[in-house]
Amino acid sequence: MKRSAFVFLALLAFVLSPLGSSPAAASDPTRYDVAPEFQRFYERYGGIPTFGYPISPAFQENGYLVQYFERQRFEYHPEYAGTEYEVLLGLLGRETAEREGRDLQPVLPVPGRLYFPETGHTIAPEFLSYWRNRGGLRLFGYPITEPFWENGLLIQYFERARFEFHPDLAGTDWAILLGRLGAELWASKSRDAFYQRSTPASDLADRINRMRQASGLAPLTLDPVLTRIAQERSDDMARRGYFSHTTPEGRTVFDLLDAYRVNWRFAGETLQRNNYPEGEMVAEAVRSLFASQSHRAILLDPRFTHFGVAEATSRHGMHYFTVVLVQR
């Protein structure tokens, strides 16, 4: 006989938070600002033309405060505080080239081209002036591939960037552009990566969006930072056996939103737990959440634009679902 399911529901009121602005704000298109730790570096090395707009909040990743931009990932290293290397750029060029299976094998020097024995590669003449004048090794690192043509563009990978020469823009300021490596990596961490494997969390996220679309609403955009916050909430409840919007220490989801530096106007959280079998637990979570008038109102609120969804199972077999929603 199936055990009785424990279904707990709670409502968290919306909170309005005034959003400030900063001198380095680049948030009009993306609704994110450059984090204070990165503003000086961002402005010193070219701002939007070099790095693009910020596309994420600043948050902790692999032990460091990071922020993703269209063309880069900024990393704050407190061990170098007060030095030139307090802010470092991610090795996105190398990460992307290796993921794409690019040829990184060293070559022999080529007459007339600047050669780097450190990586065994030259710099294409088309890119040399840009590389030297825009930051050189400090910003872009060493070349890690030879230049090659692809889709009508001359391309070359550096440790921290992908250079692209656009022949149709030759003679203009836009003939050389940096690839949008930050945007590509950030996208891989968000919705597409989330849905690549079927999990209770991805199933619940999909069902919530289907319910919104059936109600004539736009689907919510899955946000990796909000998903990380939701996972932290579910994991903590499953590990310590409580079920509440407030931890035993008095912290709430709003504290986590602040800790992860998420910009939001409205924010909400819905919680559900049940001990149904694995094949039924998501359906029960959906049923009970949307059967509650207060939770249905949150999940179908047209003001929300982004969400994060997570599930964790306790050692006693109780499933804890968390949905964190914000309006940017």
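The model is predicted, and local features require pLDDT of at least 70, side-chain atom pairs count only at pLDDT 80 or more, and totals for chains, interfaces and linings use all residues. Residues are numbered from 1 along each chain as its sequence is written, and side-chain values use heavy atoms, with hydrogens and water left out. Helices (H or I, at least four residues) and strands (E, at least two) are DSSP runs numbered from the N terminus. Axes are lines fitted to C-alpha atoms, for helices over the stretch in contact, and angles run from 0 to 180 degrees between N-to-C directions. Contact denotes heavy atoms within 4.5 Å.

Two strands are taken to pair if DSSP finds at least two bridges between them; in general, strands of a sheet pair through backbone hydrogen bonds, either parallel or antiparallel. Strand β11 runs parallel to β13 (residues 306–313), and two bridges join them. Within this pair of strands, L222 stands opposite F307 in β13.

The axes of α9 and α12 come within 10 Å and cross at roughly 40°. The two helices are therefore oblique to each other, where angles under 35 degrees count as roughly parallel, over 145 as roughly antiparallel, 65 to 115 as roughly perpendicular and the rest as oblique. The crossing of α9 past α12 is right-handed; a crossing is left-handed if the near helix is turned anticlockwise from the far one by less than a right angle, and right-handed if clockwise. On the α9 side, the contact is made by P200, D203, L204, R207, I208 and M211, and on the α12 side by M281, V282, A283, V286 and F290. Classified by residue type, this contact of α9 with α12 has nine nonpolar, no polar and two charged residues. In this classification, Ala, Val, Leu, Ile, Met, Phe, Trp, Tyr, Cys and Pro count as nonpolar, Asp, Glu, Lys and Arg as charged, and the others, Gly among them, as polar.

Another open sheet of four strands has antiparallel pairing and the order β7-β8-β9-β10. Strands β7 (148–150) and β10 are at its edges, each pairing on one side only. Neighbouring strands of this sheet are turned by 35° against each other on average, direction ignored. Three antiparallel bridges join β7 to β8, and F148 stands opposite I155 in β8. Strand β8 (residues 153–158) is joined to β9 by five bridges, again in antiparallel fashion, and a hairpin connects β8 to β9 through two residues. Residue I155 stands opposite E164 in β9. Three bridges link β9 to the antiparallel strand β10 (residues 176–178), in which I176 is the bridge partner of F165.

Five of the five residues of β9 (residues 161–165) are buried, so this strand is largely enclosed by the rest of the structure. Burial is defined as under 20% relative accessible area, exposed as over 50% and partly exposed as in between (1.4 Å probe, protein chains only). Both faces of β9 are covered, with A161, F163 and F165 buried on one side and R162 and E164 buried on the other. Helix α4 (residues 92–100) lies across β8 and β9 at about 115° to β8, while α5 lies across β8, β9 and β10 at about 125° to β9.

Residue I123 is located in the loop between β6 (121–122) and α5 (125–134) and is buried, with a relative accessible area of 1%. Leaving aside neighbours within four places in sequence, I123 is in contact with R113, L114, F116, L128, W131, P143, Q156 and F158. The C-alpha atoms of I123 and Q156, which are 33 residues apart along the chain, are separated by 8.1 Å.

For the chain as a whole, there are 13 helices and 14 strands. Of its 328 residues, 53% count as buried. Among contacts with a separation of 6 or more, residues 24 or more positions apart account for 58%.
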